[in-house]
Each structure stands twice: as structure tokens, then as C-alpha cells.
Amino acid sequence: MILVIGRNGQLAQAFQTVLLSFKSSYGSAQYLGRDELQSIDGEIFSRLKRLQPSLIINTAAYTAVDKAETDRDACFLLNVTLPKILAEYCAQASTPLVHYSTDYVYAGVGTTPHVESDPTAPLNYYGETKLRGEMEINSSGSKFLIFRTSWVFSSVGVNFVKSMLRLGAEKDTLSIVSDQWGAPTFADDLALATLQILEKQKNSWRSGIYHLANAGETNWYHFAEKIFANATNQQALKIKLLKPIPSSEFPTPARRPVNSRLSMAKVARDFGIQMRPWDVALMQMLFDQRI
Ligand SMILES: NC(=O)c1ccc[n+]([C@@H]2O[C@H](COP(=O)([O-])OP(=O)(O)OC[C@H]3O[C@@H](n4cnc5c(N)ncnc54)[C@H](OP(=O)(O)O)[C@@H]3O)[C@@H](O)[C@H]2O)c1
């Protein structure tokens, strides 16, 4: 049995969708959402011992990047303590652990795609805790895969696509940051690529940190343009003008890297995985979900 930590989040929901048609050799999936994880540091270890999963996929995280600057204890608990406990269990039980991290572990210097061995230097507390979470797993002695992904979107939860469609229905002008670059990643594609990689790990496990995101690159301004151009319900949109602005004109509590480009060379080399371009995934999601 695959134990997915998370139930209603973007990626947890994506696993539920993708596993409707993907037969994993690790078995069917069970989901543990926040209601079942009331006490992360106490009860979860004995829960895992009772469940004895063949694999744990941790999709749970504190992802409110700006709020994390002040809500530090809650962020630390989810992004550091939870992966640490999962990894301790996985090391003891010889259970492989899959975990997700972020482009925000990098400071985002330069304009070329980061490789996994680049120095990390998070600019915000969320990134700092995600990096600490990685380190806890890395040093636990468990079999693990950590996927650093970026700019996740889906038809559920809180994300840029849904925020743009909501704002575009309310306002006729929007100013969008155009100097932060990265790859939007469709949660369903991320779940599917994870399951495909896991099949390749079945006979001999290779632990490591990998980038995993949709192909291509863009900035938030061009991402917004693509969303509005391809939204299925054009009549609902009031938006007439999108203005590109520098990050300096849109101050936020958490600083963000300007270069979030992630090289996919390692995951292609080790697992033969190449995710499709982000804009193709976006168009499919908007069309399939009629949003
Ligand atoms: N979103 C992005 O743009 C982005 C970018 C880079 C990396 N990532 C990483 O990708 C992974 C998946 O992110 P996502 O976008 O799917 O996140 P999300 O939509 O914000 O979902 C967060 C998940 O965490 C769980 N959770 C939140 N608070 C909790 C609590 N107090 N106790 C227990 N569980 C709690 C939620 O549980 P419920 O299911 O019960 O709601 C939910 O399943 C994360 O590791 C994230 O750091 C995300």
C-alpha cells in the first residue's frame, strides 16, 4: 500500500486522479489529510507502524510562502519536523520515502537553469524550512527521493492560475511581476512523473535529489497572459490590460528568487523522464476542467 501524506492539497488530489488509471506496483493508495495528522510529532510514528505502507509519498507542506514569514512554528512543524519523523520511520522500516521540495531553496542568481548540486541559499523562511526538511531526509539513512519542483498549479486548491481567473473576472487591469523566471508545473503531471520514476526504482532503489517540473520557462506576466488567452469561459473575464512590472513594484513579506529555472538533465539521464511543456499542460487543464 502507498501511503500519501495529504488529502486535499494540489498534489495529493493529483495522485488521486492519476491513480484512477495508473496501476502502481507498490499497490493502491491511502491518504492521510490534516484531520488525521492532528499531532505530527506524537502519534504519527505509531500510526505508520500500524499501517506498514510499502512506500510513503509526502505531499503535505506549509506552502503559504508569505504567511510563513510570521507563522514560523507551524511552518517548521510541517516542513521540517514532519519529514524528519517520516524519514526516521522509513529508515527503521526500510520503507522508501518520496518527498517534494522547491525552487525556493536557491537564491536564484544568474539566468541559466540550476542543477541539483548548485549551492542552496533560500531567500525566505519557507525555502529555509524546505531545505532543512531535505537535510533531515538526506541524513536519515532512509531510501528516499526528493523532487524539487516549481510553481505548482492544478484545478484545486490555491494557485496562480485560479487566482488569475478570479482577479480577471473582477478587474479590468492587473499588474504582474515579469522579472521572476521559472516553470509552472501541473500537479497531475508531477504525480504521473513520480509514479513513472517509482516503477523504474522497483528492483534497485537509487536515492537522490532531483528537479522535476514541466518543460520550458516563463515569467509570471507571460504565464498570466497564457491563462487569460486560453481560459474557456472568456465571457466571465473583465480583464482588458495586463501590465508587466518588476518585483520591486510588488513588495511581499517573503523575498522570491528571480531565477527559478530548474535543469531537468539529471532526471532525464537517470530515469528517462521528460515532462511536457508547461503551456501544453496548462491548456489541457483549462480545457478538461472547463475553467
Ligand atoms: N504550490 C507550489 O507552488 C509549490 C512549489 C514548489 C514546491 N512545492 C511543494 O510541492 C509539495 C506539494 O504542494 P501542494 O501545492 O500540493 O501544496 P498544497 O496544495 O498547499 O497542499 C498542502 C498539503 O499539506 C497538508 N497540510 C497542510 N497543513 C497541514 C497540517 N497542519 N497538518 C497536516 N497536513 C497539512 C494539506 O492537508 P489536507 O490535504 O488535509 O488539506 C495538503 O494536503 C509541497 O512539498 C510543496 O512544498 C509546491
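1. First, a term: helices (H or I, at least four residues) and strands (E, at least two) are DSSP runs, numbered from the N terminus. With that settled, note that this is a predicted model. Here's what I'd point out, starting at the ligand.

2. Which elements each supply at least two residues of the shell around the ligand? They are helix 1 (10-18), strand 4 (97-102) and helix 4 (125-138). Strand 4 gives the largest share, with three residues.

3. The shell has 22 residues, and R7, N8, R34, T63 and Y126 are the ones that come nearest to the ligand. By type, the shell residues split into nine nonpolar, ten polar and three charged.

4. T63 puts a polar side-chain atom 2.6 Å from an oxygen atom of the ligand. R7 uses its backbone instead: an N or O atom there sits 2.7 Å from a ligand oxygen. Y100 also takes part through its backbone, with a polar atom 3.3 Å from an oxygen atom of the ligand. As for cover, the ligand taken alone exposes 900 Å², and the protein buries 84% of that.

5. On to strand 10 (residues 208-211). G208 and Y210 point one way, while I209 and H211 point the other way, and all are buried. The partner here is strand 5 (residues 144-149), which runs parallel to strand 10 and is joined to it by four bridges. Within that pairing, L145 stands opposite G208.

6. Is N219 buried or exposed? N219 belongs to strand 11 (residues 218-219) and counts as buried because its relative accessibility is 2%, under the 20% cut-off. Setting aside residues up to four places away in sequence, N219 touches W151, V177, S178, Q180 and W181. The N219 side chain also has a polar atom 3.0 Å from the backbone nitrogen of Y221.

7. L78 lies in helix 3 (residues 72-93) and counts as partly exposed because its relative accessibility is 22%, between the 20% and 50% cut-offs. Leaving out residues up to four places away in sequence, its contacts are I40, A61, Y62 and P83. Take Y62: it is 16 residues from L78 in sequence, with a C-alpha to C-alpha distance of 5.8 Å.

8. Last one: R255, in the loop between strand 12 (241-245) and helix 8 (265-271). R255 counts as exposed because its relative accessible area is 55%, over the 50% cut-off. What does R255 touch, not counting residues up to four places away in sequence? The answer is L123 and N124. R255 and E69 are 186 residues apart in sequence, yet their C-alpha atoms are 9.9 Å apart in space.

Terms used:
Residues numbered from 1 in each chain as written. Predicted model: local features only at pLDDT ≥ 70, side-chain atom pairs only at ≥ 80, totals over all residues. Heavy atoms only, no water. Near = heavy atom within 4 Å. Polar contact = N/O pair within 3.5 Å; in protein donor to acceptor, adjacent residues only side chain to side chain. Areas by Shrake-Rupley, 256 points an atom, 1.4 Å probe, with all protein chains shown as cover. Nonpolar A, V, L, I, M, F, W, Y, C, P; charged D, E, K, R; others polar. Buried < 20%, exposed > 50% of the residue type's maximum accessible area, 1.4 Å probe, protein only. Pairing = 2+ DSSP bridges. Contact = heavy atoms within 4.5 Å.
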